[in-house]
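Good morning, and thank you for coming. Please look at the sequence and the structure that I am about to show.

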Amino acid sequence: MTVTCELKESWKQFLELVEKKCSSTEFHNWFSPIKVIPKEGDILHLEVPNIFVQEYLIDNYRDDLALFFPDLGNGKLPIEFHVKLDNKPQKKQQTKPIQKNTNFLLNKNYTFENFIEGPSNQFVKSAAIGVAAHPGKSYNPLFIHGGVGLGKTHLLHGIGHTIKNNSKNIRVQCITTEAFINDLIDNLKSKSVDKMKRYYRSLDILLVDDIQFLQNRLNFEDEFCNTFEALINQHKQIVITSDKPPSQLNLSERMIARMEWGLVANVGIPDLETRVAIVQHKADQKGLFIPSDIAFYIAEHIYLNVRQIEGAINRLCAFCRLMNLKITQDIVERVLAELIHKNPSIRVTVDGILKSVSNVFEVKASDIKGDSRMKNIALARQVAMYLAKELMDDSLQKIASSFGGKTHSTLLHAWKKITKELKENEKLHRQVQIIKRNLKG
Ligand code: ADP
Ligand code: MG
């Protein structure tokens, strides 16, 4: 089979899976209009009737797509979308789905209940809940910023869901900045910009995702700013997400000032406890049981991006189901190998180990090298020796002598003891993971 045929076949299989998962109306509305464009290469080309179909697919089915179309090593799905631009009747229909299908554009999993909170995101989550409860009356605009995969879109959709649930007639539009620009381009081409303006200015709530894409798009920035002002002046709620705070965006002073009018809130990287809770929650949602030591292992190793945590769970889930296996540490290590942050180029030294162990165990590095038999110092020493044997390539003799002239058999004894204890003692296991991470970071 050629690559193209394989891609087509994968697309067919993906559709079969989706058809089982969603209602027939959903399938008919969103999937039936998508066509595969026959093009050679290792990327699947899909023709979609409008940008909303593309966004819907990515927002709701990214993980399923990733199972059928693994990325080519660049973290992106190997799929290219082409918005159908040719025939007129299609164009006329384009403005309609915006108005009717707002609900569909919200990812159904991105609710406040599914958003796990911790110290890094408590503030922004409460602000989002406040805005959803009293749109236009609390903070306006609410500007949410933070790194990739930390839950900005999730909170934005959470606001959309809550508002929709509280009042069916309220006019909510959730849109990515890219889709806003594309919508504007389409309307410019079909000379219906006034209609589009009227539409946006008649909204009660405008939720805009990823405003950073407005940078360097001068004409669009003006149009967006006008819409923004028109809505705010009528006390209509606006929520914006961005990868940077307003002041760091390359936008006009006017636009930046507007965005700073209301509340600017940051979503930070969740701490270890919160990440563990996220792992457990995502696994629960998939009906997968993850023992707590494994949840810790995942949370300790994937720490910068919640989307990656989710990807890890999906991968694990698929692997264990396909192979009919129970989750064990070995399987997790194998399946997650590529995702886990390893940095082999950093050389581990005895001094580095001593420093890191002394921080975590709160004992002096000089005591670790010494001969004290006090329990906490002896344990720290054994952990340091264990790590040195595990992480360094030098001979045991050489490593042992770096610990204040200990012998090769003392080192081996320490290594055996800690290896055994790590299997039984969860606290020690966690401490060792933290030290390892410090050493590599
Ligand atoms: P961003 O828009 O900041 O790049 P997303 O909102 O798309 O990130 O989040 C990426 C994934 O991580 C989503 O599937 C989302 O549900 C999940 N996620 C992020 N933060 C949390 C959280 N605190 N609790 C539960 N899931 C989260
Ligand atoms: Mg996002």
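Which residues in α8 meet which residues in α10? On the side of α8 they are Phe-180, Ile-181, Leu-184 and Ile-185, and they meet Phe-220, Glu-223, Phe-224 and Thr-227 of α10. Before I go further, please note that this is a predicted model.

Let us stay with this pair of helices. Two packed helices are described by the angle between their axes and the distance between the axes. Helix α8 covers residues 177-189 and helix α10 covers residues 218-233; the angle at which they pack is about 105 degrees, and their axes are 11 Å apart. That angle makes α8 roughly perpendicular to α10.

I turn next to confidence. The mean pLDDT of the protein chain is 87, and 92% of its residues reach 70 or more. Which elements have the lowest and the highest mean pLDDT? The lowest value, 41, belongs to helix α4, residues 88-100, and the highest, 98, belongs to β7. Over residues 87-104 pLDDT stays under 50, and for this stretch the model has 28 contacts beyond four places in sequence. Where pLDDT is low, the predicted coordinates should not be read in detail.

Now the sheets. One open sheet has five strands in the order β5-β6-β7-β4-β8, and the pairing is parallel. At its edges stand β5, residues 172-176, and β8, residues 263-267; each has a single partner strand, so one side of each is left without a neighbour in the sheet. On average, neighbouring strands of this sheet are turned by 15 degrees against each other, direction ignored. Helix α7, residues 152-166, packs on the sheet and touches β4, β5, β6, β7 and β8. The direction of α7 makes about 165 degrees with that of β6.

Strand β5 runs parallel to β6 and is joined to it by five bridges. Ile-175 has Val-208 as its bridge partner in β6. From β6, residues 205-209, four bridges lead on to β7, residues 237-242, and these two strands also run parallel. There, Leu-207 stands opposite Val-239 of β7.

The other sheet is built from three strands. It is open, with the order β1-β2-β3, and its pairing is mixed. Here the edges are β1, residues 35-37, and β3, residues 79-83, each with a single partner strand, so one side of each is left without a neighbour in the sheet. Neighbouring strands of this sheet are turned by 35 degrees against each other on average, direction ignored. Three bridges hold the pair of β1 and β2, residues 44-48, which run antiparallel. Lys-35 has Glu-47 of β2 as its bridge partner. Across β2 and β3 lies helix α3, residues 51-68, running at about 160 degrees to β3.

I will finish with two single residues. The first topic is Glu-117, in the loop between α5 and α6. Is Glu-117 buried or partly exposed? Its relative accessible area is 41%, and because that value falls between 20% and 50%, the residue counts as partly exposed. Leaving aside neighbours within four places in sequence, Glu-117 is in contact with Gln-122, Lys-125 and Thr-274. Its side chain makes a polar contact of 3.5 Å with the side chain of Gln-122, and another of 3.3 Å with that of Lys-125. Although Glu-117 and Ala-277 are 160 residues apart along the chain, their C-alpha atoms are separated by 8.9 Å.

Lys-406 lies in the loop between α19 and α20. Lys-406 has a relative accessible area of 14%, and it is buried because that value is under 20%. Which backbone oxygen lies 2.8 Å from a polar atom of the side chain of Lys-406? It is the backbone oxygen of Lys-369. The backbone oxygen of Phe-403 lies 3.0 Å from a polar atom of that side chain. Beyond four places in sequence, the contacts of Lys-406 include Gly-370, Asp-371, Arg-381 and Met-385.

Conventions: Residues numbered from 1 in each chain as written. Chains lettered and ligands numbered in written order. Predicted model: local features only at pLDDT ≥ 70, side-chain atom pairs only at ≥ 80, totals over all residues. Heavy atoms only, no water. Pairing = 2+ DSSP bridges. Axes fitted to C-alpha atoms, helices over the stretch in contact; angles between N-to-C directions. Contact = heavy atoms within 4.5 Å. pLDDT = per-residue confidence, 0-100. Buried < 20%, exposed > 50% of the residue type's maximum accessible area, 1.4 Å probe, protein only. Polar contact = N/O pair within 3.5 Å; in protein donor to acceptor, adjacent residues only side chain to side chain. Parallel < 35°, antiparallel > 145°, perpendicular 65-115°, else oblique.
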